[in-house]
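Hello,

The structure we talked about is below. My notes on it follow.

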Amino acid sequence: MITVLWAFLILAGLGLLLGLGLAIASIVLHVKEDERISAVEKMLPNYNCGACGYPGCHQMAENIVSGAETNLGKCKPGKQDKNYDPIIAYMNEHPDEDGTKHVPTVKK
Amino acid sequence: MNYLAAFLLAIVSYSLVSNVVLSRFYGICSFIGVGNKIKSAASMGIAVSFVIIMAALICYPIYNFILVPAGVPYLDTITFILVIASLVQVVGLFIKKFSPSLYKALGIYLPLITTNCAVLGVVSENTASKLDFGMSMANAIGTSIGFLVVIIIYACIRERLESSNVPKAFKGIPIALITAGIMAIAFLGLSGLIG
């Protein structure tokens, strides 16, 4: 019985320790990123399913913001009213610093 | 002195004779996936080497001084995966900070080091064959050197293949797999290197 407790304690302790280490590392090694990327990422479904061809929603958001990806329809689980429309509206309101807009469209 | 000789011999044996990719068949995924450009192959090799050596360094005391005395050595796999996953996260953050272009080139294969069986294979082998600390590190260093050397050789061959006249049916991945097979046969010749 007591060894089972040890198993719990050891795993919890290790998890906590490594989690703390990672938290510190993520602060020390923080990279400043375009804030529009995380905004667009929040508007995607965030399933990280990879159906769009990118490894996850974050990479898809990066490419939408940079203008490399213009077809939102690649995001298969996305809904017109919940995901596509807010992103199109957001990209309309937030152009690049020099004023160019990368507004994506939806082609299923 | 004897121990030092055994240590060096173990490194040669783990890197060349029982090579991680070509005779133990670990870590094939990143080997095939990233082994098409020399630069990204070399960086992948260094990233994997770092994770293997650090994982062996951290997992040895955790297994021998925490898990075994507490009577729960069956927690080894889950603990090792926990350590490896954290290490890979740190390496990922580090590369993202200091070389965003490399981060892009490695892509999905960088987080996939977590499930690279070369890493878990080394630490599991260390505990399963009850190696002492020195030999565990020899295994880790030898395996890393082996992975690094082989993935760079492989990338060199594949860069040459890109400009050569390959039959249409073999273009791309098929010829890459055949190349890996021929390399494995070539490394088989090293099996008599250490008596």
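**Helix packing and cores**

In chain B, α3(B) and α4(B) pack with their axes 9 Å apart and at an angle of about 145° (axes are lines fitted to C-alpha atoms over the stretch in contact, with angles from 0 to 180 degrees between N-to-C directions; helices are DSSP runs of H or I, at least four residues, numbered from the N terminus). This is a predicted model: local features need pLDDT of at least 70 and side-chain atom pairs pLDDT 80 or more, while totals for chains, interfaces and linings use all residues. Residues are numbered from 1 along each chain as its sequence is written, with chains lettered from A and ligands numbered from 1 in the order written.

Residues of α3(B) that meet α4(B) include Val51(B) and Ala55(B), and those on the α4(B) side include Ile84(B) and Leu87(B). Ile84(B) is also in contact with Thr114(B), Val119(B) and Leu120(B), leaving aside neighbours within four places in sequence (contact: C-beta atoms, placed from the backbone, within 7 Å).

The largest nonpolar core has 43 residues, and Val51(B), Ile52(B), Ala55(B), Ile84(B) and Val119(B) touch the most other members (a core is a set of buried Ala, Val, Leu, Ile, Met, Phe, Trp, Tyr and Cys residues joined through C-beta atoms within 7 Å; buried is 20 or more other C-beta atoms within 10 Å of a residue's own). α3(B) gives the most to this core, nine residues. A second, separate core of 14 residues includes Leu44(A) and Ile87(A).

Chain A has four helices and zero strands. Of its 108 residues, 18% count as buried.

Regards

Methods. Buried ≥ 20, exposed ≤ 12 C-beta atoms within 10 Å, placed from the backbone. Helix = DSSP H or I, 4+ residues; strand = E, 2+ residues; numbered from the N terminus. Contact = placed C-beta atoms within 7 Å.
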